Amino acid sequence: MMRKAIFQSAFLTGIPVLGFALFSKTADLKEFAIFISASFLCAISVSFLNLFFESRRKIFLACSLISIATSLILSGLKAGLSFNSFFIFITYCIWVFYYLARRGIEFADMPLHFFGGFLIFWLGALWNNNEIQKIINLLSEKKLILSSLFISFAFQGGYIIDLIQDIEEDRKSGQKNIVEKIGKRRAIFISQILFTLSYLCAMNLAKNVEIKMLMSVFMIAQNFIVLVKRESIEKEDGLKKYRAFYRAVFSVASALILASHQTDFFLKFLRQV
């Protein structure tokens with residue numbers, strides 16, 4: 001359980017890191033270390049929440065609260081109680097509501113999870129922007145809107161695939177799972193629509209024609225796999241392979257988008273390493 005929580009947290013931390021790298025005006029190594037530590041602690045506090053609601057063991061709730069408290073402390077190191085701390089707190093609260101909703105309200109977890117994807121990305125994109133006007137201006141930028149949608153559509157598409165795998169586990173822990181209502185086949189279809197929307201956002205976000213073409217290749221390949229291997233994906237072994245595939249493709253797509261927008265960030269950062 002702990003291994004799964006750590007792995008999920010490390011993967012989730014990549015989302016705010018992408019936001020930080022895409023929109024950060026600084027490549028200061030110390031600042032980045034504080035940011036990534038606070039982000040990981042925020043992510044693992046959410047993973048501990050998940051373990052608590054699944055097992056009802058209070059040790060996981062304690063670990064979650066300690067992790068989020070440490071994350072809040074780290075986020076306020078530079079400027080005391082700042083927007084960073086506020087944003088981490090709001091992100092944590094949304095995920096608390098998400099886990100509570102999964103225990104009692106049908107379908108309520110879907111919009112909460114989708115919005116949670118936005119918040120995790122914005123945590124990095126808006127890091128150290130403590131002026132309200134600057135935040136408002138940034139939130140209205142086409143680049144932020146498209147990158148947020150790219151993340152959240154893929155995040156939600158992957159979540160629906162996770163729900164397919166978690167049917168039995170959710171049944172035992174008393175959590176609602178919409179896949180039981182709509183069926184695996186429809187769930188995979190909805191998931192693929194979300195992934196396709198994510199790729200379309202990525203194509204509009206990418207600066208280079210070559211990267212746009214790669215995104216279209218990724219989109220066509222994933223749709224083809226789902227169409228041809230649909231019955232296999234509905235089974236546990238096929239589902240695991242499909243998850244590994246789309247996570248790898250998503251990671252490559254994110255790296256390509258980042259490289260096309262922030263080449264200078266890498267160069268400045270590498271000089272300090």
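Q: Phe 118 and Trp 122: buried or exposed?
A: Phe 118 is buried, and Trp 122 is too. Keep in mind that this is a predicted model.

Q: Where do Phe 118 and Trp 122 lie?
A: Both are in helix α5, residues 109–125. They sit four residues apart, about one turn of the helix.

Q: And how are the rings of Phe 118 and Trp 122 arranged?
A: Their centres are 5.3 Å apart. The planes meet at 65°, so the pair counts as edge-to-face.

Q: How many aromatic pairs are there?
A: The count is 18. Take Trp 95 and Tyr 98: the ring centres are 5.1 Å apart and the planes are at 80°, so that pair is edge-to-face.

Q: Which helix holds Trp 95 and Tyr 98?
A: Helix α4, residues 83–101. Trp 95 is buried at 5% relative accessible area, and Tyr 98 is buried at 4%.

Q: What aromatic cluster do Trp 95 and Tyr 98 belong to?
A: One that also takes in Phe 52, Phe 53, Tyr 99, Phe 155 and Tyr 159.

Q: Is Cys 42 buried or exposed?
A: Buried, with a relative accessible area of 4%. Cys 201 also counts as buried, at 9%.

Q: What sits over the ring of Phe 11?
A: The charged end of Arg 247, 5.0 Å from the ring centre. Over the face of Phe 23 lies Lys 143, at 4.9 Å from the ring centre.

Terms used: Residues numbered from 1 in each chain as written. Predicted model: local features only at pLDDT ≥ 70, side-chain atom pairs only at ≥ 80, totals over all residues. Heavy atoms only, no water. Buried < 20%, exposed > 50% of the residue type's maximum accessible area, 1.4 Å probe, protein only. Phe/Tyr/Trp six-rings, centres within 6.5 Å; stacked < 30°, edge-to-face > 60°. Helix = DSSP H or I, 4+ residues; strand = E, 2+ residues; numbered from the N terminus. Lys NZ or Arg CZ within 6 Å of the ring centre and 35° of its normal.
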